[in-house]
Amino acid sequence: MPMSSSESAAALKRTVIIAIFAAVAVVLSIVEAQIPLVGMGLMPGAKLGFANIMVLTCIYFLRGRDAFVLVILKTLLTAFLLGTFSSLLFSLFGSILSFVVMFLLVRLGGKKFSLIGISIAGGLAHNAGQLLAAAMVFDSMSILYYLPVLLITGLVTGIAVGFAVRYLVASLSKISLFEEFLD
């Protein structure tokens, strides 16, 4: 059954928004990769999660499948530009678990959770997903030694990303392109 012109226009808008969000997420990942976090005492591979600003914003405005497409695009493009197969695997596990947690909190939690709280949960889930991937790859649970440090970094970066999302959502909500996606 063909789409009506209004359905077709909405689908085109969603596609454009996803493409823009994916491009911004990749740029944020590239900028983030230039920050020497190891020199600041964090473990190798630690990231600030700036790209998750776009993921949580997408979850807020669009459908779950749209946000999932963004997660896959962001993860693949970033891995191809910056990483290796192992970084792709770790990032994919973390990103998908983070997406699932944030999506469920937004959709099922209604207004019970703030964007900052949802972002913190996403950051913690991302780190847990990466640890699970590492435990599988290295066939060792001793990798869980990093859990306390990752929980702290997930909390701190989740707060920062949450504040950014809160301001971005407020700003985008004023733009006519996003009006039809508001609940």
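# Briefing: helix packing, cores and charged pairs

In helix α6, the buried residues (under 20% relative accessible area, against over 50% for exposed and in between for partly exposed, with a 1.4 Å probe and protein chains only) are L150, T153, G154, T157, G158, V161, G162, V165, V169 and L172. Helices here are DSSP runs of H or I with at least four residues, strands are runs of E with at least two, and both are numbered from the N terminus. The model is predicted, so local features need pLDDT of at least 70 and side-chain atom pairs count only at pLDDT 80 or more, while totals for chains, interfaces and linings use all residues. Residues are numbered from 1 along each chain as its sequence is written, and side-chain values use heavy atoms, with hydrogens and water left out.

**Helix α6**

- The buried residues of α6 pack against α1, α2, α5 and α7, where contact means heavy atoms within 4.5 Å.
- The 26 residues of α6 should span 38 Å at 1.5 Å a residue, and the 35 Å between its end C-alpha atoms agrees with this. The expected span is 1.5 Å times one less than the number of residues in the helix.

**Annotated spans**

- In the unreviewed UniProt entry, the annotation "transmembrane region" covers residues 43-62, 67-83, 89-106, 113-137 and 143-169. UniProt positions are given in the numbering used here, feature names are shortened, and annotations may be inferred rather than shown by experiment.
- Residues 89-106 are 100% helix and 0% strand, with 26 Å between the end C-alpha atoms.
- Residues 113-137 are 92% helix and 0% strand, and their end C-alpha atoms lie 34 Å apart.

**Nonpolar cores**

- A nonpolar core is a set of buried Ala, Val, Leu, Ile, Met, Phe, Trp, Tyr and Cys residues joined through side-chain atoms within 4.5 Å.
- The largest such core has 29 residues, and F21, L56, I59, F61, L62, L70 and V165 have the most contacts inside it.
- At least two residues of this core come from each of α1 (5-33), α2 (52-61), α3 (64-82), α4 (85-109), α5 (115-138) and α6 (147-172).
- Helix α2 supplies the largest share of this core, with seven residues.
- Another core lies apart from it and has seven residues, including F90, L131, A134 and L150.
- Leaving out residues up to four places away in sequence, F61 touches V169, L172, S173, F178, F181 and L182.

**Salt bridges**

- Side chains of opposite charge can pair when their charged atoms come close.
- The whole structure contains three salt bridges, each defined as a side-chain nitrogen of Lys or Arg within 4 Å of a carboxyl oxygen of Asp or Glu.
- K13 and E180 form a salt bridge through their side chains, at 2.7 Å from N to O. This pair links distant parts of the chain, with K13 in helix α1 and E180 in the segment after α7 (176-179), 167 residues apart.
- K13 is partly exposed at a relative accessible area of 30%, and E180 is partly exposed at 42%.
- R14 and D66 form a salt bridge at 3.5 Å, N to O. R14 belongs to helix α1 and D66 to helix α3, so that the pair links distant parts of the chain, 52 residues apart.
- R14 and D66 are both buried, with D66 at a relative accessible area of 6%.
- D66 also forms a salt bridge with R63, in which the closest N and O atoms are 3.1 Å apart. Salt bridges with shared partners join R14, R63 and D66 into one network.
- R63 counts as partly exposed, at 31% relative accessibility.

- N127 is found in helix α5 and is buried, with a relative accessible area of 12%.
- The side chain of N127 reaches the backbone oxygen of L150 at 2.7 Å. Leaving out residues up to four places away in sequence, N127 touches L150, T153 and G154.
- T75 lies in helix α3 and counts as buried at 1% relative accessibility.
- The side chain of T75 reaches the backbone oxygen of V71 at 2.7 Å.
- A polar contact of 3.4 Å joins the side chains of T75 and S95. A polar contact is a pair of N or O atoms within 3.5 Å; within protein, one must be able to donate a hydrogen and the other to accept it, and residues adjacent in sequence count only if both atoms are side-chain atoms.
- With residues up to four places away in sequence not counted, T75 touches L88, S91, L92 and S95.
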